[in-house]
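Here is a short briefing to read alongside the model. Take a look at the chain, then walk through the points below.

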Amino acid sequence: MQDGSADMTEDAIQTARELATHASDIKHLQDDMDKMLENMKAMQATLTAIDKPLSEARGGWKVLMLVGGASSVVGASLVQLVSWYAGGK
């Protein structure tokens, strides 16, 4: 009977070791998940901070295109006027 109780004791010790190992692994996984959650929150905040200047820049390039187009029209008009004036003489 001693052999049977010794096997049970060894099994119980082995089970306790495995449970302790699993508990430690679970703790490490939970810590990693907590870090990932913090990183995701930081990335979300960064993306939100980037989105605002980008939305402001969207309107800025339209203004620059308007100014560029208007200056092109003015420049072309001046060249045409000079051409007509010089051609008239």
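What percentage of the 89 residues in the chain do buried residues make up? Buried residues come to 0% of the chain, where buried means under 20% relative accessible area, exposed over 50%, and partly exposed in between (1.4 Å probe, protein chains only). Please keep in mind that this is a predicted model, in which local features need pLDDT of at least 70 and side-chain atom pairs count only at pLDDT 80 or more, while totals for chains, interfaces and linings use all residues. Residues are numbered from 1 along each chain as its sequence is written, and side-chain values use heavy atoms, with hydrogens and water left out.

**Overall form**
- Helix H1 covers residues 2–88.
- Along the principal axes, the C-alpha atoms fill a box of roughly 130 × 20 × 10 Å.
- The chain has a radius of gyration of 38 Å, whereas a compact globule of 89 residues would have one near 12 Å; the radius is taken over C-alpha atoms, and the globule rule is 2.2 Å times the number of residues to the power 0.38.

**Surface**
- The accessible surface of the chain is about 8100 Å², and 67% of this belongs to carbon and sulfur atoms; areas come from the Shrake-Rupley method with a 1.4 Å probe, and for residues only the protein chains shown count as cover.
- Gly59 counts as partly exposed because its relative accessibility is 33%.
- Val74, Leu78, Leu81 and Trp84 make a nonpolar surface patch of about 450 Å²; patches are made of residues with over 30% relative accessible area and no salt bridge, with like charges joined within 9 Å and nonpolar side chains (Val, Leu, Ile, Met, Phe, Trp, Tyr) within 5 Å.

**Charges**
- The structure holds one salt bridge, defined as a side-chain nitrogen of Lys or Arg within 4 Å of a carboxyl oxygen of Asp or Glu.
- In this bridge the side chains of Lys27 and Asp31 meet at 3.2 Å, N to O.
- Lys27 and Asp31 are four residues apart in helix H1, about one turn of the helix.
- Asp31 is partly exposed, as its relative accessible area is 29%.

Definitions and conventions. Helices (H or I, at least four residues) and strands (E, at least two) are DSSP runs, numbered from the N terminus.
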